[in-house]
Amino acid sequence: MSRIRVHLADSDYFSRAGISGVLSTAEDFVLEQVTDSMPEAISGAAELKPDVILLEATTDGHDLYGAIQEISEQSPDTKIVVMAGRYNRNEIALAYEAGSSGLISKSSISSELPSALRMLVAGYQLFAPPTDGWDPTSRVARRSIHQEAFQELGERDRGLVRLVAAGLTNAQISRIAHISEGSVKLHLARVMDELSVSNRVQLAVIAAEAGLVTSADLKIA
């Protein structure tokens, strides 16, 4: 059985110990490198190219988003996961745009980390709900607006949005939709322009708010 190779960068000793303990109980993981330094995490990822690298948001030695960009450039197949105690909507968007495949809460690590990493390696993207949340009244208004906007889209475009919300890459969407990867990019660029969003995370969020995405969509792989 091929094991999932994981690197960890976390400045907190007890957090590192806890994560190491969680992953050691799962037979399909191997914790290949552990460090408390962001520069060491970057160089280790460039040299060893792990399947997953976990970056604690406050790890010293480098700007988080700059580190994500460097790792994604030097090891494009590595899934980069940010771990944070608190994170707002803007921080989630910045992590995504820098090249992260996920942002997870440190409070959920003990129970959910192995399952989350398996999903990431399978091609999903996982971004936890922002801690600043949504205003309930505004959410209702946005839901109505987004529902109307999605109704204006064709069935194929709505299908592509569901696949994006499920965390699939353009290459995976291309195979499922039976269109070229270039066509996927063009369709999604047009859809995002029509919906006035600038990235896939925002597209997935408004799809969920509009009720376009259900739990069944998250089983697509």
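The sheet

Modeller: Strands β1 (residues 4-9) and β3 (residues 52-56) run parallel and are joined by four bridges. Strands here are DSSP runs of E of at least two residues, helices are runs of H or I of at least four, and both are numbered from the N terminus. Two strands count as paired if DSSP finds at least two bridges between them. Val 6 has Val 52 in β3 as its bridge partner. The model is predicted, so local features need pLDDT of at least 70, side-chain atom pairs count only at pLDDT 80 or more, and totals for chains, interfaces and linings use all residues. Residues are numbered from 1 along each chain as its sequence is written, and side-chain values use heavy atoms, with hydrogens and water left out.

The open sheet has six strands in the order β2-β1-β3-β4-β5-β6, with parallel pairing. At its edges stand β2 (29-35) and β6 (126-127), each with a single partner strand, so one side of each has no neighbour in the sheet.

Helix α2 (residues 38-48) packs on the sheet and touches β1, β2 and β3, where contact means heavy atoms within 4.5 Å. The direction of α2 makes about 135 degrees with that of β2; axes are lines fitted to C-alpha atoms, for helices over the stretch in contact, and angles run from 0 to 180 degrees between N-to-C directions. Helix α3 (residues 64-74) lies across β3 and β4 (79-84), at about 165 degrees to β4. The secondary structure of the chain comes to ten helices and six strands.
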